[in-house]
Amino acid sequence: MTHEECALSNESLANLLKEERRFAPPAELAAAANVTAAAYAQASEDRLGFWAEQARRLTWAVEPTETLDWSNPPFAKWFADGKLNIAYNCVDRHVEAGHGDRVAIHFEGEPGDGRSITYAQLKDEVSQAANALLELGVTKGDRVAIYLPMIPEAVVSMLACARIGATHSVVFGGFSADAVASRIQDARAKLVITADGGYRRGKPSALKPAIDEALTKAEGVEHVLVVRRTGQDTVWTEGRDVWWHEITARQSTEHTPEAHEAEHPLFILYTSGTTGKPKGILHTSGGYLTQASYTHHAVFDLKPETDVYWCTADIGWVTGHSYIVYGPLSNGATQVIYEGTPDTPHQGRFWEVVQKYGVTILYTAPTAIRTFMKWGDDIPAKFDLSSLRVLGSVGEPINPEAWIWYREHIGGSEAPIVDTWWQTETGAIMISPLPGVTETKPGSAQRALPGIAATVVDDNGTEVANGSGGYLVLTEPWPSMLRTIWGDDQRYIDTYWSRFEGRYFAGDGAKKDEDGDIWLLGRVDDVMLVSGHNISTTEVESALVGHPSVAESAVVGATDATTGQAIVAFVILRGTATDSPELVEELRAHVGRTLGPIAKPKQIKVVGELPKTRSGKIMRRLLRDIAEGREIGDTTTLADSTVMNLIQAQLPPAGSEG
Ligand code: 6R9
């Protein structure tokens, strides 16, 4: 190693990408913004006072006098002596305030059917569902598993559980019977709510058979409540299975919401992590709703009277919990819920929905944005997207080129983009621009929200200087933080609080730029070690997506005899580009020019698809298996299980190329 390389390898994570573009907030939006720069100052002066004030956004049956109890870290209690009902806060209070006629949900089914549900109707439906749960013997403290498509009953089910104090555990509709069984078993759920099926890619896709199979493996479930969505033939277990429409129809639309303790468990949501048994992330009530509500108000600048909000996430992802159900509904939003895929029946479906409902705020994932880029600019151009005024991104680092495309082709070169960093564990947004305040930088989540404390540290836990990379940590407890891993306090401590003393380690790499703004660099498990340099997959992927021929890319480090690891890139080309040795050479040179020679991929493989989870995250672990010529590992959380076969069929066998 040269002297310079030695110096560099002391960095926890290299900082290679430079991005100079800047976008000021639109003047009109800034002038009327829900939250201004004053919030940062206020929160830094009195952090707990700031959160106590945000808690007053909610309606409490018993006002809390305590804000934070951190006497037994890392087990936090927020607003512990307060009591509230989460469903009352999301539904009833808007009706009481005279907004019963406001639409809460515009539901758009994949086949083009749909219905609009007002807050008054939602109150009736949630009350009937709550009464149905009680009839089925579910009471406060019980767990309910929810395995549903993206239909209004998913929202109603979650709110009905919250209303009676049952803890919900939503499981992705795409997960296999085994995955469902282990989650039902771990949570010891008493009831499962599912549907006959849902519509996906133009046809009904059954759901209940997976529950029937799962219940041959998991014990303790007394009833299965089944929503009729597709009308397909459904195998029935008498005595156990109950039709949703039959039991809810006979219930009263009146149900008095009881107040629950602020620390009462609201939901468990399983995250698979990279290895091992899924972790049941536990969230409680008052602190969670405070931060979900505040961040939704601040980050999306929601004006409930005029905005039409649309988050495209699935309800089985934390984004669906916090930014379809609890954040928007606690704020009295009008929102769109869409059941299906973005290309059914055509690739302009999202833009058709935006035009139809006049969507003003759109929250989606980088993977979707890159897919739209691949499909071509002409598709969104056919629709009127002028209603859009704020755009959000979540789930992965957004590459600067995808960010710019989103701004220009969806946001009319006007709408600010909020790149929101957070996790299932954090419960709500932690790092993000504020649309009326922040001068945005394409690809950066920028700074911790008011009341949140985050920084980047090196291997020893020392804060890195501006311009350097390392590990993202959260240095103060926050209201919507996970309280533990369900049934495993020790694993909670070990997983999140033991790498850096007294701080929460998020598992993500990040860097601070010269202004101190934060750029997320992907999971540290994915970081590549090339000739002594820690190189982030995100930066190499962003450089590749910056080339006009590339739509998407995934980069992994494969064991290499000379460099430790060698960079192997998988790329999907844009519509017009074709695979050739010249193009591959040009892409390698392009990365070299953008990031420096150290980051040049050793191999570039052109593929048609990339392996992704249902929430759109690239599963690099599986690509590493391919790059190293191994048998492919566990694929149960893939959105589409055939993708790995497709990729393998497209590539020459490992070892046959240079
Ligand atoms: C909300 C959600 C969490 C992980 C997180 C990080 C990645 C999410 C991001 C982002 C860069 C963003 N992530 N948002 N990375 N920029 N704006 O995605 O929760 O499914 O638990 O995933 O997703 O790696 O640690 P979850």
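Two strands are taken as paired if DSSP finds at least two bridges between them, and strands (E, at least two residues) and helices (H or I, at least four) are DSSP runs numbered from the N terminus. In this predicted model, local features need pLDDT of at least 70 and side-chain atom pairs count only at pLDDT 80 or more, while totals for chains, interfaces and linings use all residues. Residues are numbered from 1 along each chain as its sequence is written, and side-chain values use heavy atoms, leaving out hydrogens and water.

An open sheet of mixed pairing is built from 8 strands, in the order β12-β11-β8-β6-β7-β14-β15-β23. Its edges are β12 (241-243) and β23 (484-485); each has a single partner strand, so one side of each is left without a neighbour in the sheet. Within the sheet, β8 (residues 191-195) pairs with β11 (residues 223-227) in the parallel sense over 5 bridges, and here L191 stands opposite H223 of β11.

Turning to the helices, α4 (residues 47-55) packs on α11 (residues 286-300) at about 85°, the axes lying 9 Å apart; axes are lines fitted to C-alpha atoms over the stretch in contact, with angles from 0 to 180 degrees between N-to-C directions. The two helices are therefore roughly perpendicular (65 to 115 degrees). Contact (heavy atoms within 4.5 Å) involves F50, W51, Q54 and A55 of α4 and T290, Q291 and Y294 of α11.

And the cysteines? The whole structure holds 0 disulfides (cysteine sulfur pairs within 2.5 Å). The sulfur of C161 is 13 Å from the closest cysteine sulfur, in C90, too far for a bond.

Key: Parallel < 35°, antiparallel > 145°, perpendicular 65-115°, else oblique.
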